[in-house]
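Good morning, colleagues. Please look at the structure on the screen, and I shall then take you through a few of its parts.

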Amino acid sequence: MKDNATFAAAEVAARLLAWYGRCGRDLPWRQTRDPYRIWLSEVMLQQTGVATVIPYYERFLQRFADVNELAAATVDEVIELWAGLGYYSRARNLHAAACQLVAEPGGRFPSDLQELMALPGIGRSTAGAILSIAFDKKAPILDGNVRRVLIRLYAVDEPPRAASVEKFLWQRAEELTSAERPHDYAQAIMDLGATVCTPRNPDCQVCPLVSLCQANHLGLAGELPRRQPRKAVPLVRQVALLLERNGEFLVRKRPLQGMLAGLWEFPSREVTDGQPASAAAAELLAELVLSGRLYELGQVGHAYSHFRLEVAVFQVAVTDHLAVGQVAEGQPSLWLPTIDLAELALHGAHKKVWALLASPN
Ligand code: SF4
């Protein structure tokens with residue numbers, strides 16, 4: 001990849017900083033230099049928008065005011081507070097990193113790139129954000145917003161995740177970052193991506209970089225970044241059972257390791273190739289040592305990053321059952337009334353399963 005830009009890096013930083021002074025957003029994590037709070041906000045923002053993050057951020061800090069309180073909690077408590085934000089590995093990594101930090105002699109928060117990147121869940125861009133925002137150190141950032149701005153600024157007309165593009169963008173991010181005001185620069189370029197150079201319909205008219213931007217000159221602003229060629233996403237079919245007994249429903253907790261660890265769900269299992277969903281549901285009922293008539297409620301879909309899930313949902317009024325311990329299969333299981341289910345940390349796909357009962361059409 002070649003840098004065909006005709007402008008000086010310092011010009012970009014100067015324009016961004018002037019714009020940030022006029023238009024920067026006032027966000028809760030902007031009122032602090034506490035690295036714990038900056039870290040928390042950056043992790044929450046990794047795959048989630050600002051409006052969704054704000055209430056989670058505030059609740060989280062009310063419960064875990066500092067890294068010691070976070071480390072002292074159980075991973076279950078952390079996941080419960082995270083429920084609904086998605087990408088739960090972020091919560092588990094946050095907790096694991098907090099435990100690692102408090103175990104260090106002195107318990108100080110690292111202000112070095114390599115030390116930060118050695119913590120679970122902190123990649124180069126998050127480490128760069130913590131260093132620049134909390135410690136005012138020059139460190140490049142390449143989160144989704146910054147990536148989009150740079151791809152347009154340099155008119156990168158190639159698949160955005162290609163290794164050559166990745167290398168090119170990190171080099172440009174490094175060059176552009178202000179050495180004098182890294183704290184403000186980091187927030188300025190993130191804000192520009194979030195509010196002006198948006199994924200659809202970038203508002204180039206008000207952009208401080210418009211006269212430098214190569215995508216704008218080439219009429220490509222709305223077309224870049226190009227779409228990354230998609231790999232075929234496999235489909236996984238499941239059945240889930242809404243088992244009802246005396247107004248209560250059976251839920252079980254997922255193991256603490258692996259996907260959606262520690263979250264709750266209704267009993268479910270995969271449907272094998274060619275198997276009717278009703279047959280898989282009957283097998284699952286038998287595995288649980290329960291009996292009752294299966295009534296098919298409908299189907300829900302849920303997209304994960306590496307597969308698509310299709311869940312056929314069956315309701316069963318349980319007529320015969322054994323003790324809870326015998327349906328648990330080694331995982332904690334509970335019969336809960338609907339009022340408690342509303343509070344439970346169900347994972348996203350099974351929130352949809354539960355919603356189906358309220359609106360079966
Ligand atoms: S001019 Fe338009 S495309 Fe270029 S950086 Fe600004 S908003 Fe983005």
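This is a predicted model: local features need pLDDT of at least 70, side-chain atom pairs count only at pLDDT 80 or more; totals for chains, interfaces and linings use all residues.

The shell around the ligand is made up of 12 nonpolar residues, 1 polar and 1 charged, where Ala, Val, Leu, Ile, Met, Phe, Trp, Tyr, Cys and Pro count as nonpolar, Asp, Glu, Lys and Arg as charged, and the others, Gly among them, as polar. Residues are numbered from 1 along each chain as its sequence is written.

In total, 14 residues surround the ligand, a residue being near it if its C-beta atom, placed from the backbone, lies within 6 Å. The closest are Cys197, Cys204, Cys207, Cys213 and Ala221. Helix H9 (144–153) and helix H12 (214–217) each supply at least two residues of this shell; helices are DSSP runs of H or I with at least four residues, numbered from the N terminus. Which helix gives the largest share? It is H9, with 3 residues.

I turn now to helix packing. Two packed helices are described by the angle between their axes and the distance between the axes. Helix H8 (residues 124–135) and helix H11 (residues 182–195) pack at about 125 degrees, their axes 7 Å apart. Here axes are lines fitted to C-alpha atoms over the stretch in contact, and angles run from 0 to 180 degrees between N-to-C directions. H8 is therefore oblique to H11, given that angles under 35 degrees count as roughly parallel, over 145 as roughly antiparallel, 65 to 115 as roughly perpendicular and the rest as oblique.

In this contact, Ala129, Ser132 and Ile133 of H8 meet Pro182, His183, Ala186 and Gln187 of H11, contact meaning C-beta atoms, placed from the backbone, within 7 Å. These residues comprise 4 nonpolar, 3 polar and no charged.

H11 also packs with helix H1 (residues 9–23), at an angle of about 80 degrees and with axes 9 Å apart. H1 and H11 are therefore roughly perpendicular. On the H1 side we find Ala13, Leu16, Leu17, Trp19 and Tyr20, which meet Asp184, Tyr185, Gln187, Ala188, Ile189, Asp191 and Leu192 of H11. By class, the contact of H1 with H11 holds 9 nonpolar, 1 polar and 2 charged residues.

Technical notes. Two residues are in contact if their C-beta atoms, placed from the backbone, lie within 7 Å.
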